Amino acid sequence: MRTRLRIKPQHLSLFATAAVFLLLYGVATLRYPGFASWFQTTALIADNAPLGLAAIGMTFVILSGGIDLSVGAIIALSSILLAKCLVVWNLPVPLAIPTVLVGGILFGTASGVMIRWFRLPPFLVTLAAMFLARGIALVLTEEKRLSIAGHATFDPLVDFLLFDFNLPALIFVVGIVLAIGVARYTRFGRNVYAIGGSEQSALLMGLPVGRTTVMIYALSGLCAAGGGILYAIGSQSGDASVAQLLELDAIAAVVIGGTLLSGGVGSMGGTLLGVLILGVITVVPVYEGDLNSWWTKIAIGGLLLVFIVLQRLLQRQRNS
Amino acid sequence: MPESLRKLCWPLAALAVLLLFNALLNPEFFSLHFAEGRLTGSLVDVLDRATPVLLLSLGMTLVIATAGVDLSVGAVMAMAGSISAVLLTDFGMPVLPTLLITLLASLAAGAWNGLLVSMLGIQPIVATLILMVAGRGIAQLLTDGQIIPIEGHPGFAYLGGGTLFFLPVTITIALAAALFTAIAVRYTALGLFIESAGENPTASRYAGLNVRAVRLLVYTLSGLFAGVAGLIYASDITAADANNAGLYLELDAILAVVIGGTALSGGRFFLAGSIIGALIIQTLGTTILMTQIGGQSIPAEWNLIVKAIVVLVVCLLQSAALRQILTGKGVRG
């Protein structure tokens with residue numbers, strides 16, 4: 001009897017993502033000396049931590065068949081709210097950070113409630129949430145940008161290092177491990193997949209569709225608020241105009257990671273790979289020097305195209 | 001009352017409330033002057049500035065009616081501006097061929113979206129997301145990331161700043177585009193095809209309708225209108241600004257369509273509603289700029305917050321679930 005290495009069709013897309021990541025990373029390592037060094041690797045993770053956290057929340061949302069356009073604006077709002085709490089209102093860090101996180105949860109919960117109770121399209125509700133969050137962020141401070149540098153209780157967070165991992169990198173790593181666990185092994189995670197597969201069936205099976213939907217958007221709001229805090233730690237400031245269109249990058253990372261936008265199919269591990277692929281693509285122009293940043297956008301668009309067409313072909317194969 | 005008229009009531013009422021608000025607080029909103037051969041005033045200004053979103057919302061209405069969405073229109077606007085700037089300045093091409101080539105390129109961009117949606121069956125949000133991300137990159141690539149001034153081309157400047165019939169020429173362009181679309185969808189079977197394809201694609205296909213061709217057509221039209229909007233924007237600022245042209249305008253266009261009563265789930269569409277929706281969005285912006293409370297003007301940042309509230313209120317008004325809850329018949333789940 002021969003054992004053959006067989007890849008399940010639903011994993012093929014994940015393997016394609018992994019192959020693209022290894023290819024990009026390999027080429028970058030060969031081309032740019034020091035790219036694969038420990039220092040650069042931790043920097044890559046740290047730089048993409050806010051996007052990564054937002055993408056974790058976005059994965060749950062997309063797995064359930066929804067979409068969340070508000071994450072970029074919530075990141076900006078959270079960073080400026082944190083700065084305001086610390087610098088203007090003189091709140092201590094242990095009080096300021098929960099305040100910001102609760103704010104994110106409230107924003108997400110409100111979106112979830114609107115979507116679930118009033119049956120409004122997620123696209124429109126989270127679009128309104130995006131306008132609202134960005135508007136509040138802009139109204140909150142006149143100078144649009146608040147520095148938190150030199151804050152006595154905040155500085156330890158900025159300076160924190162564990163094996164060269166700073167706090168944002170560490171939180172992203174812990175977050176993705178937790179998210180993989182939640183998606184795969186908890187009742188909530190299975191409910192998310194079930195709702196994305198077919199909301200009707202999930203309802204008929206007696207799953208708590210309403211509660212889970214609201215929780216999904218609340219979780220996405222929490223992740224985005226966390227992303228805002230990580231941004232504030234990384235840049236030592238709050239900025240009302242940061243993370244413009246970051247929701248698109250988060251969606252792109254999720255899609256490149258093999259999650260179908262129709263819901264029900266995908267994995268958190270794929271999202272991690274998607275975030276890292278975007279991260280590598282974004283730093284390549286920095287190494288190349290003469291390569292301009294707009295190539296990043298074109299490359300991301302091209303990758304999106306390849307993956308979406310690939311998924312489409314796989315789907316057709318499975319259906320026939 | 002026919003459905004199309006009943007559906008127009010809410011957006012018209014919203015516009016009336018906005019105008020009434022202005023009548024009470026900003027009487028100068030309605031003042032019109034005649035200067036340098038054209039009418040000026042806030043009302044003319046609203047119509048003039050609403051043109052890009054209005055053009056986008058025309059194409060977007062048809063796309064949304066087929067149960068799709070076109071996220072790429074803002075990026076196509078940026079591309080159109082960059083292409084025309086490069087042709088005019090780098091290649092020294094005359095204005096007319098430049099306009100023609102730019103519009104053809106926009107048409108091609110729309111057709112690309114249409115092909116992805118209709119032939120490959122990719123979800124519209126994802127399919128148009130590709131061009132939304134890559135299109136702005138291409139626009140920046142063409143202009144090298146710089147703002148390219150377009151000067152010394154009176155024919156090009158006329159598009160966004162010229163005067164026709166004593167009004168900005170943009171108003172005539174918008175009117176012509178709206179008429180063209182209205183005639184195409186209401187005096188031919190096209191409108192019926194679009195609504196049928198959006199309401200139930202499978203049944204439409206069995207009824208002999210070429211759903212793919214309909215989808216391809218609406219995305220192509222959306223690309224074309226985005227191209228016109230991009231040309232007007234570039235002409236208005238006499239420059240190609242790949243970073244900011246059309247930024248977030250896809251969201252405004254979708255908003256205009258939804259305010260106008262067309263559901264994102266496809267089917268029945270209301271062109272007149274979308275036009276009123278575009279006017280509401282622009283009136284709102286101008287109103288916020290003009291309104292003074294206690295002698296102080298409202299900061300422009302409030303625009304976003306007010307817009308968010310308007311989106312939510314309009315959505316809730318159209319929500320069947322809310323009506324059910326209010327009338328005591330709760331929804332399951």
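Start with B:Gly261, which comes after helix α11 of chain B and has a positive phi, near 105 degrees. Keep in mind as you click around that this is a predicted model.

Now step back into the helix itself and select residues 249–259 of chain B. Is this helix enclosed or open to the outside? Since 11 of the 11 residues of α11(B) are buried, the helix is largely enclosed by the rest of the structure. Show the side chains and you'll find B:Leu249, B:Leu251, B:Ile254 and B:Val257 among the buried residues, and also B:Glu250 and B:Asp252.

Zoom out to the whole of chain B. Along its principal axes, the C-alpha trace spans about 65 × 55 × 35 Å. Of the 333 residues in chain B, 48% count as buried.

Next, hop over to where the two chains meet. Select the contact: 38 residues come from chain A and 34 residues from chain B. On the chain A side, the elements giving two or more residues are α6 (122–140), α11 (209–235), α12 (246–256) and α14 (294–319). Highlight α14(A) in particular, as it supplies the largest share of that side, 12 residues. Colour the chain A side by class and you get 28 nonpolar, six polar and four charged residues.

Stay in chain A and select residues 167–185 and 268–288, which are helices α8 and α13. Their axes come within 9 Å and cross at roughly 150 degrees. An angle over 145 counts as roughly antiparallel, and α8(A) and α13(A) are therefore roughly antiparallel to each other. For the contact itself, pick A:Ile176, A:Ala179, A:Ile180 and A:Ala183 on α8(A), which meet A:Met268, A:Gly269 and A:Leu272 on α13(A). That set divides into six nonpolar, one polar and no charged residues.

Last stop: colour chain A by pLDDT. The mean is 85, with 95% of the residues of chain A at 70 or more. Look for the lowest confidence in strand β2 (residues 161–162), at a mean of 73, and the highest in helix α3 (residues 49–63), at 94.

Conventions. Residues are numbered from 1 along each chain as its sequence is written. Chains are lettered from A and ligands numbered from 1 in the order in which they are written. This is a predicted model: local features need pLDDT of at least 70, side-chain atom pairs count only at pLDDT 80 or more; totals for chains, interfaces and linings use all residues. Two residues are in contact if their C-beta atoms, placed from the backbone, lie within 7 Å. Helices (H or I, at least four residues) and strands (E, at least two) are DSSP runs, numbered from the N terminus. Ala, Val, Leu, Ile, Met, Phe, Trp, Tyr, Cys and Pro count as nonpolar, Asp, Glu, Lys and Arg as charged, and the others, Gly among them, as polar. pLDDT is the predictor's confidence in each residue, from 0 to 100. A residue is buried if 20 or more other C-beta atoms lie within 10 Å of its own, exposed if 12 or fewer, and partly exposed in between; C-beta atoms are placed from the backbone. Axes are lines fitted to C-alpha atoms, for helices over the stretch in contact, and angles run from 0 to 180 degrees between N-to-C directions. Angles under 35 degrees count as roughly parallel, over 145 as roughly antiparallel, 65 to 115 as roughly perpendicular and the rest as oblique.
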